[in-house]
Amino acid sequence: NHEVDKNDIDKASIKFELDHKRGSLATMLNVLSDCKLNLTKIQSLPKIETPWKYAFFVDVTFNDYSHFEKAKSVMNIMTEDFKILGEYKNAKL
């Protein structure tokens, strides 16, 4: 486990939950876009114990960590159970 300098971080994996209502995911995707984040992967899973709630697992890339910080603060307010699963330097081939 080695620390990556914040300035080198350009990719993150996040998880959040949303109620199943029209536009809730679109709103979050707009937040990511407005914060200049690029969505590279999204997966949704229904929450078995909570009908009509979905957990979303999302990978994003960004050019500037401050853009990600802005998105984090907005998502923390607008989603439930927001978690950062990991922050990394994107491996470029």
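**Figure 1. Charges across the predicted chain.** The 14 positive and 14 negative charges of the chain have mean positions that lie 4 Å apart. Here Lys and Arg count as positive and Asp and Glu as negative, while His and the chain ends are not counted. Each charge is placed at NZ of Lys, CZ of Arg, CG of Asp or CD of Glu. This is a predicted model, in which local features need pLDDT of at least 70 and side-chain atom pairs count only at pLDDT 80 or more, whereas totals for chains, interfaces and linings use all residues. Residues are numbered from 1 along each chain as its sequence is written, and side-chain values use heavy atoms, with hydrogens and water left out.

**Figure 2. The elements of the chain in order.** Starting at the N terminus, you can follow the pattern β-α-β-β-α-β. That gives 2 helices and 4 strands; these are DSSP runs numbered from the N terminus, with helices (H or I) of at least four residues and strands (E) of at least two.

**Figure 3. Inside the largest nonpolar core.** How many residues does the largest nonpolar core have? It has 19 residues, and those with the most contacts inside it are Phe16, Leu37, Val60, Phe62, Phe68 and Met75. At least two core residues come from each of strand S1 (11-19), helix H1 (24-34), strand S3 (53-61) and helix H2 (65-78). A nonpolar core is a set of buried Ala, Val, Leu, Ile, Met, Phe, Trp, Tyr and Cys residues joined through side-chain atoms within 4.5 Å. Buried means under 20% relative accessible area, exposed over 50%, and partly exposed in between (1.4 Å probe, protein chains only). In soluble globular proteins, nonpolar side chains tend to be buried together.

**Figure 4. A closer look at Phe62.** Which residues does Phe62 touch, leaving aside its neighbours within four places in sequence? Phe62 is in contact (heavy atoms within 4.5 Å) with Ile9, Asp10, Lys11, Ala12, Lys36, Leu37 and Phe68.

**Figure 5. Lys36 in its loop.** Look for Lys36 in the loop between H1 and strand S2 (38-46). Lys36 is not a glycine, yet its phi is positive, at about 65°. Most residues other than glycine have a negative phi. Lys36 counts as exposed because its relative accessibility is 56%.

**Figure 6. Trp52 in another loop.** Trp52 sits in the loop between S2 and S3. Its phi is near 70°, a positive value in a residue other than glycine. Is Trp52 buried or exposed? With a relative accessible area of 61%, Trp52 is exposed.
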